[in-house]
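These are my notebook entries on what I looked up in the structure, set down in the order in which I worked.

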Amino acid sequence: MQDSKAISGSTSTDGLWSEYRHWLIGAVVLVISILIWKAQGGETVFPESWISAFPFADKVNEFDRWMRPFLQPTTRALGAGVTWFYEYIVDLLIFTQWQIVLVVLVLPAFAYGGLRLGLFAVAAVGSWLVLDMWDEAMETLSLMCISIAFSAVVGIALGIGASQSNRLETVIKPILDTMQTLPAYIYLIPAFFLFGIGAPGAILATVIYALPPIVRLTNLGIRQVPAGIDEAATSFGATTRQSLIKVKIPLAIPAIKLGINQTVMMALALVVLATFIGAPGLGDIVLRGMQRLNVGKALEGGLAIVLMAILLDRVTHAMGQEQQRTDQGRTQIFRLFPQSLESLRLIRYLELGIDFVWRQIGRVGRGATHAVALIPCALIRTYDTDWSSRLRDFLLRHSFFIASLVLIWVMVLLDAYLDIFGNFPKAWEYRFRTPVNQYMDVLVTNETFYAITTGIKKGLYFGLINPLNIFLKGLPWWYTSLFFVAIAYLVSGRALAAITLIGFLFIGATDLWAFSMITLSTVTVSVLICFIVGVPLGVLAAYSKTADGILKPILDTMQTMPVFVYLVPVIMLFGGGQIPAVIATVIYAIPPLIRCTTLGIRELPDEIDEVSDSFGASVFQTLMKVKIPMAIPAIMIGVNQGIMMALAMEVITPLIGGKGLGLEVFTGMSTASIGMSLQAGIGIVLLAIILDRISQAWTKTQREAMGLS
Amino acid sequence: MKFTFKAVLAAAIMSVGLGAGSTVQAGKRLVLPDLDWTGAVVTCRTIQWVLENHMDYKVKNVSMPGGPGVWEAIRAGDIDFYCEAWPSYNPIKSEYVKEYGGDGSLVRIADTGIIGASGYFTPRYVIEGDSSRGIEAVAPNLKTVQDLNQYKHHFKSLESGDRGNLIACPEVAWLCEDQERMDGLGVDFHAQNMGSETAHWAEMQAKYKRGEPFIAYAWTPHWIFAALDLVEVELPAYDEAKWPATNWPQDICFKFGSPASIEKHPEVVALLEKHRLTNAQQAGMIYEVDVNKRDVDEVVAEWMEANESVWRTWLP
């Protein structure tokens, strides 16, 4: 690189200018900012007269009070319907013998994911029993099932509609884009004020929140059916509708299944979060544990949620796979543990044993199917031999399903007539909250530990958060606003600049300026730390297979976990407050940065190595001077996602002492002031849209500058 | 397609096979709030214990911060009853409850038995020093809240900057109006919310352990006065006209519900009318829950079993 620049020496000043332009402009802006910050006395606040001219919260509250007598009966009636449905399912799950429910829940995992996933399902479902969280887990599952069912029906219908009408698609697309930028929590605000606390609000918010992926993928799946197939169908005389229903939709099923898989994860995240508006379930255990600083309890709840998330993800993923893997017909030997442990004899025997048992169960299942098939086949044979053998084949092909039904029926009958099943034995229950709490007490009162965590907290506070906070608060509102408007104009254009201006004016006029600056500085600090930690980790994973092998499962798990769970370890180690809130945000937002960096470096063509090698550059030089600059567009995508996740976290962290716009949302909800919640919520949404569009537009210009499409 | 078929079939079989399982009688379901301070949770759980064990009710608990949000939820019918309302914290009472001049959309049922008092407290060592722990008295003349101004540099914190720091009411929703009170009294202190009740007590205990000076909001009945040696810093006597720049009045706690719930559950109302819990009884249970970190249900069940003569008198 250095050499090539020396050759084109005639334009070196131009080259320098274009290379360091960003830094120079940045430095100038910073100097001007500091000068204004110093020169400006107290005149940093938004003009009082503008604030009083825009009493948004009061007006909303007034409107709410006026609307309530008309609106509330309607929404509550709708809510009562949803509640009835929800309670029916919960009661079904809770009052049925746990053994039967366990079998019903575990069988799909065996059916679609094979023995290994099945065993994991047994462990996961069993853990809810062992931890004495059965009722809560069933509540969460019921909320999920209802939400996903609604979401799938509405989403697939909308997706099919969008695939048939270009106009509908152009209307829906920007709405979906915006929906996917909004932090999950935002959906709970209107649900809370319309439907009150409890299950209905949670379900309706989840249905809407989980819609986008399923609408998108249904639309995409149908649109991607090759035109030739459609033509073939029409040429055989099929009408458009017939072609759609008989040909296109069946071909789009894999895409729709993928959409459902994504929907499931989003639904779980929000259902857990909905405990903030009084929804029952596992989230409530974590919430109470955190509010009471009962870390052991929160950890137990978190573990149950994580197991549920992984289970649901894997099972819906396995369902999306084309062929079923009941493992019955396979030849290779079952493995439970990684291959590296093969040498341990104990593990080999264990695996062989499980495999043997599984094969025997399969044999029994097939036997049962044979038995079931016997009578109807015999009956039909008297009329039609051909039909009989076809039915027999059909039943035998689905021996797993038939055998499962038989098993469930037998259990139900046994339960109804013999009453042999008891409650889950108390002696099998195990709670690790007490030892965890005791250990935490010892750890937290340990002087060295206290010194370390306080050191980290103080360092972060005095080194980053506080200075940035004071700086941002100290800048006059018009300067900060103009700064963002200018950036928006430069990277994107007039439209984004207008949105940015309106956004900042709204935030100022609703008297949220100070809060939004806290939010802004928290997000900035969090993403900065994510960048500093995440990029090196990503580079490491791109170069070293071992690092990648360690990081990948950790990142996978982190990305399936509901937001809520991240707060538990943080409150354990650092306690509550604004700094722990930043730490939790960093943990939550770091995976995309690591991922995108690794991907960005890996997807560079191999020739780069060769070329820079031939110029005599070392591996490190190649990395720093060539690869990282070339991976910047990919890294920027990670930064964009990181910003969005940090903003989403902003609404969760008030639970452990986070400040800013998120706290305003909370306070509004607990003081029954819809206006307050709504304006803070809109503030967060505006910030999210502005930051998202700016960083995306910037990434796009970077990519174009590098000649990537 | 096969998958949908199976799912429908499995669901059908489940509901046919297991539909008979439901055992809760219609109309015997209640929703009670789990508020965000242990005292209120304990009070409500004593009622809930009787409902579940002797009256065949199925009670669902909803975690909510105490304050206007819950009042609104009860008015809207999402929650049935409220077990421990502290009148001085709830200006909303005059909007909803008839006895306080409201529109009657909420109805006061009976006293809870708890008599509350709130205020600001500081460790004794701040005023008198503690020679055994080597702590000097940093504020020997501290009597009233207004005296705090001269000692504010001793009470600084990360958040408060140059002003003194008050460990204020932990929850914004309680409407303690600490900052307004400080400003109204001309005391240059910053009111810090710890975010949860537990964090509030933890912060006080941590500071006490290190012998640091602090001033904090607290209320009785509470175990904190048994755990730490605290002295009340006086506020001007309660005066409604000057609120919030005065002390809190004494709180005669009460139970209430919406007219619809009261009409629907006469048995429950009869129980609520007779139920009383004294400060001492409640404080004992709070101690078990907070300090020994035991499960609320377990503590309440243990107490109920040991005090059968008490709860027998509550039965309708």
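I take a contact to mean heavy atoms within 4.5 Å of each other, and I read every count below on a predicted model.

I looked up the domain assignment of chain B, which gives domain 1 as 26–116 + 250–312 and domain 2 as 118–242. The C-alpha centres of these two domains of chain B lie 29 Å apart. On counting contacts, I found 21 residues of domain 1 of chain B touching 14 residues of domain 2 of chain B. The area buried between the two domains of chain B came out at about 1,400 Å², with carbon and sulfur atoms giving 61% of it. On the side of domain 1 of chain B, the residues that lose the most area to domain 2 are D36(B), W37(B) and Y89(B), which together make up 36% of what that side buries.

Entry 3, chain A against chain B. I next took the interface between the chains, where 47 residues of chain A are in contact with 54 residues of chain B. The buried area here is about 4,400 Å², and carbon and sulfur atoms give 59% of it. Which three residues supply more than any other three of the area that chain A buries against chain B? They are F95(A), I197(A) and R292(A), with 15% of that area.

Between chain A and chain B I counted seven salt bridges. R433(A) forms a salt bridge with D295(B), in which the closest N and O atoms are 3.7 Å apart. Nine residue pairs are in polar contact across the interface of chain A and chain B, with both residues at pLDDT 80 or more. Helix α4 (residues 56–95) of chain A gives the most to the side of chain A that touches chain B, namely nine residues, and by class this side of chain A holds 23 nonpolar, 12 polar and 12 charged residues.

Over all chains, my search returned 40 salt bridges. I looked up the pair E169(A) and R223(A), whose side chains meet in a salt bridge at 3.4 Å, N to O. This pair links distant parts of the chain, since E169(A) sits in helix α7 (residues 166–181) of chain A and R223(A) in helix α10 (residues 211–223) of chain A, 54 residues apart.

For chain A I noted a mean pLDDT of 84, with 93% of the residues at 70 or more. Within chain A, confidence is lowest in helix α1 (residues 2–7), at a mean of 43, and highest in helix α6 (residues 134–164), at 93. Over residues 1–10 of chain A the pLDDT is below 50, and this stretch has five contacts in the model beyond near neighbours in sequence. Chain B averages a pLDDT of 88, and 92% of its residues score at least 70. Residues 19–23 of chain B have a pLDDT below 50, with six contacts in the model beyond near neighbours in sequence.

How values were computed: Residues are numbered from 1 along each chain as its sequence is written. Chains are lettered from A and ligands numbered from 1 in the order in which they are written. Side-chain values use heavy atoms; hydrogens and water are left out. pLDDT is the predictor's confidence in each residue, from 0 to 100. Helices (H or I, at least four residues) and strands (E, at least two) are DSSP runs, numbered from the N terminus. Buried area is the accessible area (1.4 Å probe) that two parts lose on being put together, summed over both. A salt bridge is a side-chain nitrogen of Lys or Arg within 4 Å of a carboxyl oxygen of Asp or Glu. A polar contact is a pair of N or O atoms within 3.5 Å; within protein, one must be able to donate a hydrogen and the other to accept it, and residues adjacent in sequence count only if both atoms are side-chain atoms. Ala, Val, Leu, Ile, Met, Phe, Trp, Tyr, Cys and Pro count as nonpolar, Asp, Glu, Lys and Arg as charged, and the others, Gly among them, as polar. Domain bounds come from an automatic or database domain assignment.
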